[in-house]
Structure formats: structure tokens, C-alpha cells
Amino acid sequence: MSAMFITDFDGTLLTDHRRIRGQDLDTLAGLRSAGVITVIATGRSLYSFRRALKHMGLDPEDLPLDYLIFSTGAGIMVWPGNQLIRSCSIPKDGVLEITACFDRFGFDYMIHKAIPDTSYFLFKSTSDCNFDFHRRMAMYANFATPLGMGTTIYDQSTEVLAIVPGGFSWETLDTLRCELSGFSVIPATSPLDHQSLWIEVFPAGVSKSASSQWLARHLGIRREMVTAVGNDYNDADLLHWAGQGFLMDNSPDVLKNKFLSSGSNNECGVSRAAKSAGFLR
């Protein structure tokens, strides 16, 4: 019977030094050889994911992967290659609704162009103290355009991303979700400073769990045959949905004790999850 193994990328498959342990690569390869569908579900854009592989010196052809779910579920593609099988976007009027809300909250934010051009973005910044925001700006400076009076909003956008330094109360997040009830509002810990909160707003229904469910149905795989591994807020819905959900030890305390423990990202937690799920001996 077909099965699927889904792993998050940053903080799960990637170590703190932004490398993939050889044992975890071997585990993914072993799963594929056994007929298990292997999937990475990441918050990164396709461009950012490919760039991370390049920095590791890892050829995309050598990554033992069948499918990539990227941009927190806004896109799904067959791996390797360029075959996009699902994508979602927000129309201009939706983006204007989101940015008006973010302006009321005083957020610094970025509007990312629709897939496959997600690396391009418009930005608005009102704070000089948002170091995580400016660090991300520096990383993608060649793709950034300031949002001003004469700037044209994209006809379609993948997401609107706010970066909030120092975190964010869950009560305020609930208020934000109520104001943006027509969209999918997903929080994530910054992969850059590991302290700031990233608030990502996608089209309604977009999430790692929704895209994983779509892919499982597309492939005829039952939910109970899906195992997922993650480490952060934007993985929680996926771990709840999967037949078996495993959480890295390097996760926010609020998520612990809700899922099965799988060790840390620096100690081949992905391999431990695969073993605990019964895929490996």
C-alpha cells in the first residue's frame, strides 16, 4: 500500500549550520527505494529552496525527493524539474485588503509576486529597528522594489509577509486572523534570527496540510499512510493532519507535548522519525 513521508526543511531537515546530514539523505533515498513517496514541505519559495541547495553544493538531481511543496503550500511541483502541478495566488484587491490591515498594525511587509516569480517583491518599511526585515531585504536586494505612490501592485501575488521583531502575542494574532478571515494567516519563527515572527498571508485554504492533502488525494494515498515531520508553527497543521506527526526537539515550547518527539535537527531527527514510524529498522 502506498505511503508518503513529508519533512519540513529549515529547522527539520536542515541543521543549524544549514546542511543536510548524510544519514538523513540516505534515509530519504531508502524510503524512495522502498516505494514511499518523499516530499519536502517548506515555507521557502522555489528560488530560495534552490539557492539553499546550491549553497550546500547539492545537485537537485541528487536530492532523493519526489515532490516539493513550497511557499507554505502555495505551490507544488514534481521534483526534480520544472513541472508545476498546483499553484495559488491572491488577486490585487485581496492584496490591498491585506496591506491596509498591516498598515493599521504598523507592520513592515513584503508583497511577493505570483508563482513562479515569487522571488520578486514590493516592500514597505517604517522601522529602522526591524533588523530581521532589513536582513531579508539585503539577501534579496536584486528582487526588491519599494512600495510607493507610483508603484503598481501585482495583478496576482503569492503572499504578503509581515516581519514582526520580538514576537507577537497570540491574542493579537487572533485579532489579525479575524480581520483577515478571508485569507490563510500563518505564523512562523524567523529562519534568520530565530526570534522575530513572520506572519504570512496566503489565499484562503493555503497551508502545508491543505497542499499535502491535495497531493495525497492526487496520488491515491490515504491520510493514515502519511507521516510528517516538522519543527515550527507553520508545521502544526500538517502534523495534526498526518497519520503520524513528529516534532523536532528544537521547536517552540508551546508545540511540545502535542506531537511525537523525534530528536533535534542536528541529530538526524528526520531519520529517527522514519524509524519510529516503522519505515526503517
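Which side chain meets that of R32 in a salt bridge? The views below take up this pair and others in what is a predicted model, a structure that holds 10 salt bridges.

**View 1. The salt bridge of R32 and D66.** The side chain of D66 is the one that meets R32, with a distance of 3.0 Å from N to O. The pair links distant parts of the chain, since R32 belongs to helix α2 (residues 22–33) while D66 sits in the loop between α3 (46–56) and β3 (67–70), 34 residues apart. R32 is partly exposed, with a relative accessible area of 38%, whereas D66 has a relative accessible area of 15% and is therefore buried, the limit for that term being under 20%.

**View 2. The salt bridge of D103 and K124.** The closest N and O atoms of D103 and K124 are 3.1 Å apart, and the pair joins helix α4 (residues 92–105), which holds D103, to strand β8 (residues 121–124), which holds K124, across 21 residues. D103 counts as partly exposed at 35% relative accessibility, and K124 is likewise partly exposed, with a relative accessible area of 28%.

**View 3. The salt bridge of D235 and K208.** The side chains of D235 and K208 meet at 2.6 Å, taken from N to O.

Methods: Residues numbered from 1 in each chain as written. Predicted model: local features only at pLDDT ≥ 70, side-chain atom pairs only at ≥ 80, totals over all residues. Heavy atoms only, no water. Salt bridge = Lys/Arg side-chain N within 4 Å of Asp/Glu carboxyl O. Helix = DSSP H or I, 4+ residues; strand = E, 2+ residues; numbered from the N terminus. Buried < 20%, exposed > 50% of the residue type's maximum accessible area, 1.4 Å probe, protein only.
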